[in-house]
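The tour below goes from one selection to the next.

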Amino acid sequence: MATAGKVIKCKAAVAWEADSPLVIEEIEVAPPQKNEIRLKVIAASICLSDVYHMYKGKPKDGFPVVMGHEGAGIVESVGPGVTEFKPGDKVIPLYLSQCRDCKFCKNPKTNMCEKDWSGNQMFKQSPSEIRFTCRSKPLLQFMRTGIFSEYTIKNKIALVKVHDDAQLDRVFLFGCGVSTGYGAAINNAKVCPGSVCAVFGLGAVGLSAVMGCKHAGASRIIAVDINEERFEKAKILGATDFVNPKLHQKPISEVLIEMTNGGVDYSVECVGQVDVMRSALESCIKGWGVSVIAGWTDLYDFSARPIQLIAGRTWKGTSFGGFKGKDDVPKLVLDHMAGRINLDVFVTHNMNLDQINEAIKMMMAGECLICCTFSF
């Protein structure tokens, strides 16, 4: 392409500081260096992790930063050492890398990677050499992605090629939310046919967990959320029962135990609140109940009484739904293309980059039921 090897000037949404709206700026995106790929962003969406970084986590070394990590695009150019990708390829950025060389990547028990950004530089969102600048100032890339930009840079270990016929304004959802929730049920909880499940929180991750439970053969799926407008979406994806905790005087765990004669076989927490995590665990039946934490927070400790685990329950967490990005995301895309994974139900709004602050407000207010898509 004519832009290969040159600095590209483009629009991006920049968080200059915490607790402030994003600013649409013209930024400079450097050419890709060794083992890097520059891509033109086609579609992206807001994830609650983006909002968390800006308004809750607020790491002191996390600004200024180009936000966003869930999206898809087309390769514009590649740097030296890149043979897996070529200009024109359809790709999905991975916030959880897969180098395929480290002891974690070689172990089928995990999808962690030693070279992942979160393990090495949790609060330094970018590689050691900055690729984004604005007003002569360096900009970080949120989760080493910075997808709220018309162009972005990714290392080859954190990018995956997908089918040439993939619909990017749908499959971009496999970059975070849908993979996380779906995999939490399929890979981490390992939901069994005929089982009873409960999903706490019906955002994109929670609804994907509902879908995962359904695809795994659960006979009963209880959807738990204080926003009843999301129940219809959950029903479409397989939920059979619906509970609004605000309508009950007793703890939600007691409500579910009564509904299921002792507790659910599996629960998935998709809210990111420690009290909900404990409720999800306590909702599980003793002896074999499994509860998976899929919601994100690092501000508070969570707790439980030892007897709750001694009695036979299992409490575990998930990152990216247990999927190894390079190996598994292309398979998820093919499942969508074959009609086995419904992504249309997730996209409720289509907005452009200039409307991103409005979209964030809608998400925080619960008015954006699932996901906002930014088509560049």
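Begin with the buried residues of helix α4, which pack against β5 (70–78), α5 (204–215), β14 (266–269), β15 (290–293), β16 (314–317) and α10 (325–337). Helices (H or I, at least four residues) and strands (E, at least two) are DSSP runs numbered from the N terminus. Buried means under 20% relative accessible area, exposed over 50%, and partly exposed in between (1.4 Å probe, protein chains only); contact means heavy atoms within 4.5 Å.

This is a predicted model, in which local features need pLDDT of at least 70 and side-chain atom pairs count only at pLDDT 80 or more, while totals for chains, interfaces and linings use all residues. Residues are numbered from 1 along each chain as its sequence is written, and side-chain values use heavy atoms, with hydrogens and water left out.

**Stop 1: helix α4**

Select residues 177–189. How many of the 13 residues of α4 are buried? The count is 11, so the helix is mostly covered. Among them are G177, V178, Y182 and N188.

Now check the length of the helix.

Next, centre on G183, where α4 bends by about 45°. The bend is the angle between axes fitted to the seven residues ending at a residue and the seven starting there.

**Stop 2: residues with positive phi**

Most residues other than glycine have a negative phi, and most peptide bonds are trans. Step past the end of α4 to K190, where phi is positive, near 55°. K190 lies in the loop between α4 and β11 (196–200).

Then select R100, in the loop between β6 (90–93) and α2 (117–120). R100 is not a glycine, yet its phi is positive, about 70°.

**Stop 3: a cis peptide bond**

Go to the loop between α1 (48–57) and β4 (65–66), where P64 is found. The peptide bond from F63 to P64 is cis, with omega near -10°.

**Stop 4: the nonpolar cores**

A nonpolar core is a set of buried Ala, Val, Leu, Ile, Met, Phe, Trp, Tyr and Cys residues joined through side-chain atoms within 4.5 Å. The largest has 81 residues, and F148, F174 and F346 have the most contacts inside it. Helix α5 gives the most to this core, with 7 residues. A second, separate core of 13 residues includes V196, V243, I252 and L256.
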